[in-house]
Amino acid sequence: PRNSPRPSTSSFEIIPEASTTPTTTSSISFSSPKPRAPFLEVSGKFSPAKMEAESDVVTVVYKQPPEDCHAKALELMELVRRSTGISHQETQSLLQSLLQTIGASGKDLNVLVPSLQNEFKNQLFECEKDIQSSHDYNDLVSMFDELTKAKEDDQQRNWMLHEDEELILSQLSQICSTLQNASQEVCLHVLRRHKYFYVQSLVEYFQMETRWSIRKLLIETYTLMCTLDQNIVSLMLVSVLPLELAQDMFDNSEEESERLKHCSVLLTVLFSQGEAVPIHYKEKQLGGSLVTFLLSKIEQSSEKDLEEDLADTFMGLICSYNLQFEQASDNLVLQSLGKADNAKIFTEKLLLLLNREDDPAAIIGARTGSNSIHKLVLDVFSTDDCIHHFYTNDLMVLIDIIARQLSDLGPGIERFA
């Protein structure tokens, strides 16, 4: 056996003499005339005695010209830097570790490299064993277990025996980073463990936790979970989470807009599938009081220019919340809008979103079903109490928008609202 791969341009074989007479000659055969092979060094001198002592094993070392190696190293460095955006030092360390691992495998690189290329073209985590052996999987399980312990530690939450805020924030940040960067199969396998036990535990933790710094990261974690698995959206919708988010908005309506935005975005995600919330929820924080609160905040945005983004976020929440109502008679959005004294900003933003052909409810990706803006426009114009909020000029703008969108359709293309 040889300790290094043969060059692709030639093959050779060293055959010792059969006689016992000392000789230093060897026979070398080439498969092609005068091949251009890398520099070759053979360790030791050939002699029958030495070759018998070493079991006829000859160590062959190939050397590439230094200028070729240097150019290839620079090429690999630039390739990794452009693809990942990591620093020069991190790139160099990454390449050193990678090449060291490949070199230590002792495999023929002419076979190993193409095989690795084929493996990376396919799904790497094919079975549960591969998933559970990954570092991301074990890190997620460990961090979720730690947060579960923190949630169940009643004594620490009530009496604060030690300061744990920084530790909890660090764990939540790591979970968010891993959910964003790890393989989706690994993340889903962890989230679905024991019938979404970790998800339910983290939702319960939101109700128990009062510190906004931790609640903020919890909301970001929930949003990432919903992006990975839409079943989590349905699970959270019927939990206590929507009620807690709405109550947090009511209690902190005069606080900085960032807090209201975070709660509003997550509520938009939870309502985005068009699933109806439990009936008794509508009698509490998720009923007409929520819509009235959002409409009043939207109208106040004209007085405070800094809250323009917040008004847009609330518009998306109203559009998403409206998806669950199929009948105009049961629609809490239409009932609250019809009772409103003023809805000038609301009507302007509604027409603006219609003109842009946006769907503000599609935060976590493309939705199935009708566009939330189209549905809200049709619902609003189906009720006389809501129509009176529109001025004649608004109606002319609406007609122009519809006419332009129809003219933009190509031949044979159909659109349904």
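In this predicted model, helix H11 comprises 17 residues and extends 25 Å from its first C-alpha to its last, a value close to the 24 Å expected at 1.5 Å a residue. Of these 17 residues, 13 are buried, so H11 is largely enclosed by the rest of the structure.

The largest nonpolar core contains 90 residues, among which Tyr222, Met225, Met236 and Phe346 touch the most other members. Helix H11 (residues 212-228) supplies the largest share of this core, contributing 10 residues. With residues up to four places away in sequence left out of the count, the contacts of methionine 236 are Val199, Val203, Tyr222, Met225, Cys226, Leu241, Pro242 and Leu270.

Two of the residues touched by Met236, Val203 and Leu241, also take part in the packing of helix H10 against helix H13, where Val203, Phe206 and Gln207 in H10 meet Leu241, Glu244 and Leu245 in H13. The axes of H10 (residues 197-208) and H13 (residues 241-251) lie 10 Å apart and form an angle of about 30°; because angles under 35 degrees count as roughly parallel, the two helices H10 and H13 are therefore assigned to that class. The crossing of H10 and H13 is left-handed.

Just after H3, glycine 106 adopts a positive phi of about 70°.

Definitions and conventions
Residues are numbered from 1 along each chain as its sequence is written. This is a predicted model: local features need pLDDT of at least 70, side-chain atom pairs count only at pLDDT 80 or more; totals for chains, interfaces and linings use all residues. Side-chain values use heavy atoms; hydrogens and water are left out. Helices (H or I, at least four residues) and strands (E, at least two) are DSSP runs, numbered from the N terminus. A nonpolar core is a set of buried Ala, Val, Leu, Ile, Met, Phe, Trp, Tyr and Cys residues joined through side-chain atoms within 4.5 Å. Buried means under 20% relative accessible area, exposed over 50%, partly exposed in between (1.4 Å probe, protein chains only). Contact means heavy atoms within 4.5 Å. The expected span of a helix is 1.5 Å times one less than its number of residues. Axes are lines fitted to C-alpha atoms, for helices over the stretch in contact, and angles run from 0 to 180 degrees between N-to-C directions. Angles under 35 degrees count as roughly parallel, over 145 as roughly antiparallel, 65 to 115 as roughly perpendicular and the rest as oblique. A crossing is left-handed if the near helix is turned anticlockwise from the far one by less than a right angle, and right-handed if clockwise.
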